[in-house]
Amino acid sequence: RLRWMYENTLGCPATFEARRAELAALRSVGSATGDNGGGGGGGGAAVSDEEVVAAAVADVMPGGAMSNYLRHACVAAVFGQTLFAHGAVDARTAGYVPDDSTRFCLPAAPQAGRMVDSVSEWVDALNGLLERGLADHAARPEWDAERATRGGEVLLALQNRDAMWGRSIVSNSYADGGCITTESAARAREAALADAEARADPSAFAAVASDPLDAGVAAWLLRG
């Protein structure tokens, strides 16, 4: 299942084997120094599929490398006059803060959220959401008995355009759709947005390329 997730939800089909190679290299170094490098087993032994999965799971659990990284990370940050975010700050994401109850799902309608007025308030709200989501995951990292939800689900949703109804500050992109400042790109953007709303199909937002020349977004950013 991790292979499928890497390829179909993260777009990195080579990651599973790259991680196996990394663990094998760490194991080789550990064999020479008397430390198995966290890979398990003896020096020189092949790294199994199960060990690759176990290492990936350990990384995201509380105390793991990825969990610790995220505790020191930001969803967005302002340095001087520059705003940094992973995804596009566009007409759908600017000022939007998802509710803590947001599910990682294919919703039939937009999930709960709120708008804030200023860039600074928005950045603080998004980073507060990250902190609460990580605390929720630490408190209940496993699925519940019904396998319906688990801690930190809002953070899974935050990076997914479908779950966010096209409002993901992590995965909305300026780079989809070729030359995105042309009139044809603008028509494609409007058609995709209309299609998503008309069909109530969140997957249609994958065809939307954000507009980097949106005057309304620029004005909002300049107001700070």
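The lining of the second largest pocket comprises, by class, 13 nonpolar, six polar and two charged residues; Ala, Val, Leu, Ile, Met, Phe, Trp, Tyr, Cys and Pro count as nonpolar, Asp, Glu, Lys and Arg as charged, and the others, Gly among them, as polar. The model is predicted, so that local features need pLDDT of at least 70 and side-chain atom pairs count only at pLDDT 80 or more, while totals for chains, interfaces and linings use all residues. Residues are numbered from 1 along each chain as its sequence is written, and side-chain values use heavy atoms, with hydrogens and water left out.

A pocket is an open set of points on a 1 Å grid over the protein atoms alone, with protein on both sides within 12 Å along at least five of seven lines, and lining residues have an atom within 4 Å of a point. The second largest pocket has a volume of about 370 Å³, a volume being the space filled by probe spheres set on the points, which are joined across faces, edges and corners. Of its 21 lining residues, Gln81, Leu83, Val119, Leu221 and Leu222 lie nearest its centre. At least two lining residues come from each of β2 (82–85), α5 and α8 (215–223); helices (H or I, at least four residues) and strands (E, at least two) are DSSP runs, numbered from the N terminus.

The largest pocket has a volume of about 2,200 Å³. Among its 47 lining residues, Met5, Leu10, Val60, Arg150 and Leu156 are the closest to its centre. The lining contains 28 nonpolar, 10 polar and nine charged residues.

A cavity is a set of grid points where a 1.4 Å probe fits but cannot get out. One cavity of 30 Å³ or more was counted, and the largest cavity holds about 40 Å³ of space. Its lining consists of Thr93, Tyr96, Pro98, Leu126, Leu158, Met164, Arg167 and Ile169.

Leucine 129 is located in helix α5. This leucine 129 is buried, with a relative accessible area of 0%, where buried means under 20% relative accessible area (1.4 Å probe, protein chains only). Beyond its neighbours within four places in sequence, leucine 129 is in contact (heavy atoms within 4.5 Å) with Pro98, Asp100, Val154, Leu155 and Leu158.

In helix α3, Val52, Ala55 and Ala56 are buried. These residues cover an arc of only 95° around the axis, which puts them on the same side of α3; the arc is that of the directions from the helix axis to the C-beta atoms.

How values were computed. Buried < 20%, exposed > 50% of the residue type's maximum accessible area, 1.4 Å probe, protein only.
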